[in-house]
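Here are my notebook entries from an afternoon of looking around one structure. Follow along on your own screen if you like.

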Amino acid sequence: MQNEHFVNLTKLDWTDHNLSIIKFCKEEAYKAVLAHTADYPATPHLPVVKGVLGWDRLDYFLDAAAKNNLFEGITSRWVDFQGAPILELRGKYTSLTACHVLSRDDKPRESAYGYRKNNRAKNEKNQELFKEIEATVSEDELLNIILLHGGRNDNFAYLRIYLED
């Protein structure tokens, strides 16, 4: 029941249209990485360079899409977390941040006090608050979603909701 409830809330903000915009942004980011690294020497650092550049370009295109009102009901903002800017896309019920990983099965690694770890704790706490979908949700009660994307040898992106371990 709890998982179905989270899925339903997620679908309210992340409609097929909004998911198509994410897909478009991911494709544009992938093309930008290929263009920027076409002449980059084949060193052991190339996968790292592509990963960091992919993370940067995806955030850039997602932010631009939100600012140009390509998403329906989604806005963007940059959150300062311990000195690091993190792009957050916000809907009525959810907030979304992107996270680059190497494979589809990877879980985002983070310290006990990291941004996503804090959001897992909020998701666990807030699950009781989401029983009434029509209720007004405060900024601190948004369901936190991660857009996992990347791949060392693969190009993928999908949404995931994490709760406390």
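Entry 1: I sorted the lining of the second largest pocket by class and found seven nonpolar, one polar and three charged residues. (Ala, Val, Leu, Ile, Met, Phe, Trp, Tyr, Cys and Pro count as nonpolar, Asp, Glu, Lys and Arg as charged, and the others, Gly among them, as polar.) A pocket, on a 1 Å grid over the protein atoms alone, is an open set of points where a 1.4 Å probe fits, with protein on both sides within 12 Å along at least five of seven lines; lining residues have an atom within 4 Å of a point. I noted that α2 gives the most to this lining, with five residues.

**Entry 2: my ground rules.** This is a predicted model, where local features need pLDDT of at least 70 and side-chain atom pairs count only at pLDDT 80 or more, while totals for chains, interfaces and linings use all residues. Residues are numbered from 1 along each chain as its sequence is written, and side-chain values use heavy atoms, leaving out hydrogens and water.

**Entry 3: Asp-59.** Is Asp-59 buried or exposed? I found that Asp-59 counts as buried because its relative accessibility is 8% (buried means under 20% relative accessible area, with a 1.4 Å probe and protein chains only). Not counting residues up to four places away in sequence, Asp-59 touches Trp-78, Leu-87 and Ala-98 (contact means heavy atoms within 4.5 Å).

**Entry 4: β3.** I saw that seven of the eight residues of strand β3 (residues 94–101) are buried, so β3 is largely enclosed by the rest of the structure. (Strands are DSSP runs of E, at least two residues, and helices runs of H or I, at least four, numbered from the N terminus.)

Note on methods: Buried < 20%, exposed > 50% of the residue type's maximum accessible area, 1.4 Å probe, protein only.
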